[in-house]
Each structure stands twice: as structure tokens, then as C-alpha cells.
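Please read this briefing alongside the sequence and the coordinates. Overall architecture comes before individual residues.

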Amino acid sequence: PSQNPEIYVFAIYMQKFSFWIIYRAEATITIKAPDGLVVPNATVYIQWSGKTSGSSSGTTNASGQVTFNSGWAWGNGTFTITVTNVTHATLTYNSALNIETSDSI
């Protein structure tokens, strides 16, 4: 096995929430390694576009997942999240392996 295995975005699961006429999106991103195992302690960097904008980062939990919230926006519309980078102390991010890099709801 490689000393520096590569990691990638396995899935982006999105949900939309509303309260009267304001909306927000939530996205859960899963990071895996080529052996199929989830990767905890990876830092995921994202960018929101569409109804909201802005960037954020978060660290994956023991299940290899991190959840981001878009913030509330007036009126319904499309929320898009894009993974801009993933870092890890001992593993290398390879975006070419991504199953999903961006998702919209």
C-alpha cells in the first residue's frame, strides 16, 4: 500500500429547509479513500453559490462526514455547493477521483 493514499469526495447529500418564505440548504459531504473506507479528520473547503454565497470549511467526523449550512435566504431558488479543496495531515486529496464535486438543490 502507498504511504500517502489519496482521498476524494464520495458523496454530497443535500436537503432544503424553509420557514415561511425564507429558505436554507444543508449539505453533508462524505470523504473516502480508494479502499472504500471513510476518512475522519479531513478538512473540507466549500463554496456556496446560487441563492446564497460564501465559503466555509469543516472537519469530517468519525463517519467521514461534515455538514454545512448555507444560511437563510429570502424566497425559493437553487442552492449550489462546490467542494474547492480537501486537506488531511497524512493523506493526499485527488479531485480527479471525486464521484461528486458539486451539487444543487
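What follows describes the fold and then takes up selected residues.

This is a predicted model, and the protein in it has nine strands and zero helices.

**Overall dimensions and surface**

- The radius of gyration of the protein is 14 Å, which agrees with the value near 13 Å that a compact globule of 105 residues would have.
- Along the principal axes, the C-alpha trace of the protein spans about 50 × 25 × 20 Å.
- Buried residues make up 38% of the 105 residues, while the accessible surface of the protein comes to about 5800 Å², with 53% of that area belonging to carbon and sulfur atoms.
- Among contacts in the protein with a separation of 6 or more, 61% are accounted for by residues 24 or more positions apart.
- The protein carries 4 positive and 5 negative side chains, and the centres of these two sets lie 15 Å apart.

**T60, in the loop between β4 and β5**

- T60 lies in the loop that runs between β4 (54–59) and β5 (65–69), and it counts as buried because its relative accessibility is 4%, below the 20% cut-off for that class.
- The side chain of T60 reaches the backbone oxygen of V39 at 2.8 Å.

**T28, in strand β2**

- T28 is found in strand β2 and, with a relative accessible area of 14%, is buried.
- The side chains of T28 and T67 are joined by a polar contact of 2.9 Å.

**W72, in the loop between β5 and β6**

- W72 lies in the loop between β5 and β6 (73–74) and is partly exposed, its relative accessible area being 47%.
- Although W72 and R24 are 48 residues apart in sequence, their C-alpha atoms are 4.6 Å apart in space.
- With neighbours within four places in sequence left aside, W72 is in contact with F17, S18, F19, I22, Y23, R24 and T52.

**Loop residues with positive phi**

- Most residues other than glycine have a negative phi, and the two residues below are described against that background.
- W20, whose place is in the loop between β1 (6–19) and β2 (22–32), has a phi near 55°, a positive value in a residue other than glycine.
- The relative accessible area of W20 is 75%, which means that this residue is classed as exposed.
- N41 lies in the loop between β2 and β3 (43–50), and its phi is near 65°, again a positive value in a residue other than glycine.

Notes
Residues are numbered from 1 along each chain as its sequence is written. This is a predicted model: local features need pLDDT of at least 70, side-chain atom pairs count only at pLDDT 80 or more; totals for chains, interfaces and linings use all residues. Side-chain values use heavy atoms; hydrogens and water are left out. Helices (H or I, at least four residues) and strands (E, at least two) are DSSP runs, numbered from the N terminus. The radius of gyration is taken over C-alpha atoms; the globule rule is 2.2 Å times the number of residues to the power 0.38. Buried means under 20% relative accessible area, exposed over 50%, partly exposed in between (1.4 Å probe, protein chains only). Contact means heavy atoms within 4.5 Å. Accessible areas come from the Shrake-Rupley method with a 1.4 Å probe; for residues, only the protein chains shown count as cover. Lys and Arg count as positive and Asp and Glu as negative; His and the chain ends are not counted. The place of a charge is taken as NZ of Lys, CZ of Arg, CG of Asp or CD of Glu. A polar contact is a pair of N or O atoms within 3.5 Å; within protein, one must be able to donate a hydrogen and the other to accept it, and residues adjacent in sequence count only if both atoms are side-chain atoms.
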